[in-house]
Amino acid sequence: TDFKSDKQPTWCPGCGDFGTMNGMMKALAETGNDPDNTFVVAGIGCSGKIGTYMHSYALHGVHGRALPVGTGVKMARPDIEVMVAGGDGDGYSIGAGHFVHAVRRNVDMSYVVMDNRIYGLTKGQASPTSRSDFETSTTPEGPKQPPVNPLALALASGASFIAQSFASDALRHQEIVQEAIEHDGFGFVNVFSPCVTFNDVDTYDYFRDNLVDLEEEGHDPTDYEAAKEVILDSDKEYQGVMYQDENSVPYHEKHGVTEDMSEIPEGAPDDAMDLVREFY
Ligand code: SF4
């Protein structure tokens with residue numbers, strides 16, 4: 001697609017992030033976007049490199065801080081498409097606080113997390129979504145604590161769109177990201193994106209054998225109680241849109257943020273400096 005840059009990814013051959021990114025690029029194109037109106041924000045980690053491999057406006061930011069940057073971009077320019085990308089370490093550990101607040105603000109952007117249940121870039125430490133018995137370099141006997149359930153965290157924070165997909169199920173993954181983009185509000189997709197180098201438990205085969213597609217199960221994402229049930233079911237690995245609030249109103253519409261807000265009012269910096277001087 002037009003969204004592919006001329007940079008060759010340095011991800012390990014077979015990494016799930018290839019499939020995750022391909023689906024994101026196709027979903028952006030299918031929803032009528034082009035590189036000129038799209039801003040991709042990424043954090044730190046193997047996933048964080050995505051802004052280089054995609055052809056669009058992009059910012060490879062600070063660890064765990066991609067969501068506040070994306071929020072700022074969308075507030076300044078509500079007319080452009082903002083997609084935030086990250087990993088499970090970036091988003092659910094150092095970025096967990098930002099995740100909760102981005103979710104509850106319901107800013108109209110998509111957030112795609114490449115969840116491989118391990119820290120890949122730093123070579124195989126336990127991440128927030130690692131299984132409790134997963135032996136890693138930092139947890140030789142496993143983390144001995146339950147993994148973070150990012151979907152439940154989102155639901156508890158008042159999310160208006162919660163979904164999960166699998167990098168290797170290309171078409172479904174693309175469709176699900178498309179729905180997140182089209183959603184009026186914060187579209188959150190947790191993607192099973194296997195790390196073939198450091199995670200020998202949450203593999204392609206594991207997800208292929210265990211994935212349950214909610215669409216085939218007749219799940220109704222607008223039914224909050226049904227959504228709660230699948231989100232809290234830790235025995236299964238679900239794919240699909242789990243929850244969608246059909247009445248969601250994105251932040252900029254609810255609070256009258258228009259394109260004009262990107263203009264700094266006359267004299268604003270001086271006023272701000274006066275305040276700072278007064279404070280100190
Ligand atoms: Fe992908 Fe893991 Fe390699 Fe990182 S270390 S590029 S997550 S396979």
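About 50 Å³ of space lies in the largest cavity. This is a predicted model, in which local features need pLDDT of at least 70 and side-chain atom pairs count only at pLDDT 80 or more, while totals for chains, interfaces and linings use all residues. Residues are numbered from 1 along each chain as its sequence is written, and side-chain values use heavy atoms, with hydrogens and water left out.

On a 1 Å grid over the protein atoms alone, a cavity is a set of points where a 1.4 Å probe fits but cannot get out; a pocket is an open set with protein on both sides within 12 Å along at least five of seven lines, and lining residues have an atom within 4 Å of a point. A volume is the space filled by probe spheres set on the points, which are joined across faces, edges and corners.

Around the largest cavity you will find, among others, Gly64, Ala66, Leu67, Val84 and Tyr111. Helix H3 (66-76), strand S3 (81-87) and helix H4 (88-94) each give two or more residues to this lining, and S3 gives the most, with 3 residues. Helices (H or I, at least four residues) and strands (E, at least two) are DSSP runs, numbered from the N terminus.

Now follow H3, where Ala66, Leu67 and Gly70 are among the buried residues (under 20% relative accessible area, 1.4 Å probe, protein chains only).

Next comes the largest pocket, which holds about 470 Å³ of space. Of its 23 lining residues, Arg117, Pro147, Ser234, Lys236 and Glu237 lie nearest its centre. Strand S8 (237-244) is one of the elements that supply at least two lining residues, and S8 brings the largest share, 3 residues.

Notes:
Buried < 20%, exposed > 50% of the residue type's maximum accessible area, 1.4 Å probe, protein only.
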